[in-house]
Amino acid sequence: MRPPLKRVDFRPGDKVEVCSKEEGFLGSYYEATVLSRLETGRYVVRYKTLLRDDAVSEPLTETLFPRDIRPSPPKVYSRGEFSLYQAVDAFDNDGWWSGEITGRLGPHHYYVYFRTTNEEIAYPSNKIRVHHEWVNGDWILSQREQPQPQPLQNQQQQLGQQFN
């Protein structure tokens with residue numbers, strides 16, 4: 001028997017992330033702030049980086065079901081160093097996209113591979129964060145996360161490979 005799902009009640013001012021359901025953006029998350037909770041149980045949020053479609057350059061607001069919202073993930077200090085094949089999120093196109101480290105480009109840039117788009121893109125380390133999964137009301141490190149990741153330089157030496 002599965003344990004009951006934890007219910008998370010958000011309050012106005014809470015920082016959250018919203019899962020996109022738009023084609024081409026599936027699996028991406030966008031930062032937002034909760035404005036209110038309606039009597040229906042839905043939430044009104046204001047996006048941090050997404051703007052309204054009309055000519056006015058104001059942040060987009062949207063009414064969402066609780067299942068489409070999660071708290072902001074915990075901050076994990078990585079010193080800007082990531083391991084080969086480590087699960088990460090990269091900030092691009094105003095949102096966070098899930099991928100994995102596939103190489104290093106200089107001291108502060110990494111290649112991230114995205115399964116959803118079959119693309120590999122280089123990012124500065126300050127646009128990458130450790131990936132977590134929101135499961136049953138708790139943040140956990142992704143199953144793809146290696147238990148004891150080694151710095152990419154050590155892995156490259158062990159594998160006899162160099163990433164340029």
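**Contacts and pairings**

Mentor: Begin with a polar contact of 2.5 Å between the side chains of aspartate 89 and histidine 131. A polar contact is a pair of N or O atoms within 3.5 Å; within protein, one must be able to donate a hydrogen and the other to accept it, and residues adjacent in sequence count only if both atoms are side-chain atoms. This is a predicted model, where local features need pLDDT of at least 70, side-chain atom pairs count only at pLDDT 80 or more, and totals for chains, interfaces and linings use all residues. Residues are numbered from 1 along each chain as its sequence is written, and side-chain values use heavy atoms, with hydrogens and water left out.

Trainee: Is aspartate 89 buried or exposed?

Mentor: Aspartate 89 is placed in strand β6, residues 87-92. Strands (E, at least two residues) and helices (H or I, at least four) are DSSP runs numbered from the N terminus. Buried means under 20% relative accessible area, exposed over 50%, partly exposed in between, with a 1.4 Å probe and protein chains only. Because its relative accessibility is 3%, aspartate 89 counts as buried.

Trainee: Which residues does aspartate 89 touch, not counting those up to four places away in sequence?

Mentor: Contact means heavy atoms within 4.5 Å. By that criterion, aspartate 89 touches Trp96, Trp97, Ser98, Lys127, Ile128, Arg129, Val130 and His131.

Trainee: The side chain of glutamate 100 also makes a polar contact; with which residue?

Mentor: Glutamate 100 is in strand β7, residues 95-104. It counts as buried because its relative accessible area is 11%. Its side chain is joined at 2.9 Å to that of arginine 115.

Trainee: What is the geometry of the aromatic pair of phenylalanine 91 and tryptophan 96?

Mentor: The whole structure holds six aromatic pairs. Rings of Phe, Tyr and Trp (its six-membered ring) pair if their centres lie within 6.5 Å; planes under 30 degrees apart count as stacked, over 60 as edge-to-face and the rest as tilted. For phenylalanine 91 and tryptophan 96, the centres are 5.1 Å apart and the planes 65 degrees, so the pair is edge-to-face.

Trainee: The charged end of which residue sits over the ring of tryptophan 96?

Mentor: Tryptophan 96 counts as buried because its relative accessibility is 11%. A charge sits over a ring if NZ of Lys or CZ of Arg is within 6 Å of the ring centre and within 35 degrees of the ring normal. At 4.1 Å from the ring centre of tryptophan 96, the residue is arginine 129.

Trainee: What is the angle between the planes of phenylalanine 114 and tyrosine 123?

Mentor: Both phenylalanine 114 and tyrosine 123 are buried. Their rings form an edge-to-face pair, 6.0 Å centre to centre, and the angle between the planes is 85 degrees.

Trainee: How many bridges link strands β8 and β9, and in which sense do they pair?

Mentor: Two strands pair if DSSP finds at least two bridges between them. Tyrosine 113 stands opposite glutamate 120 in β9. Strand β8 (residues 109-114) and strand β9 (residues 119-124) pair over six bridges, and the sense is antiparallel.

Trainee: Which residue in the turn between β8 and β9 has a positive phi?

Mentor: β8 and β9 form a hairpin with four residues between them. The phi of about 55 degrees in that turn belongs to asparagine 118.
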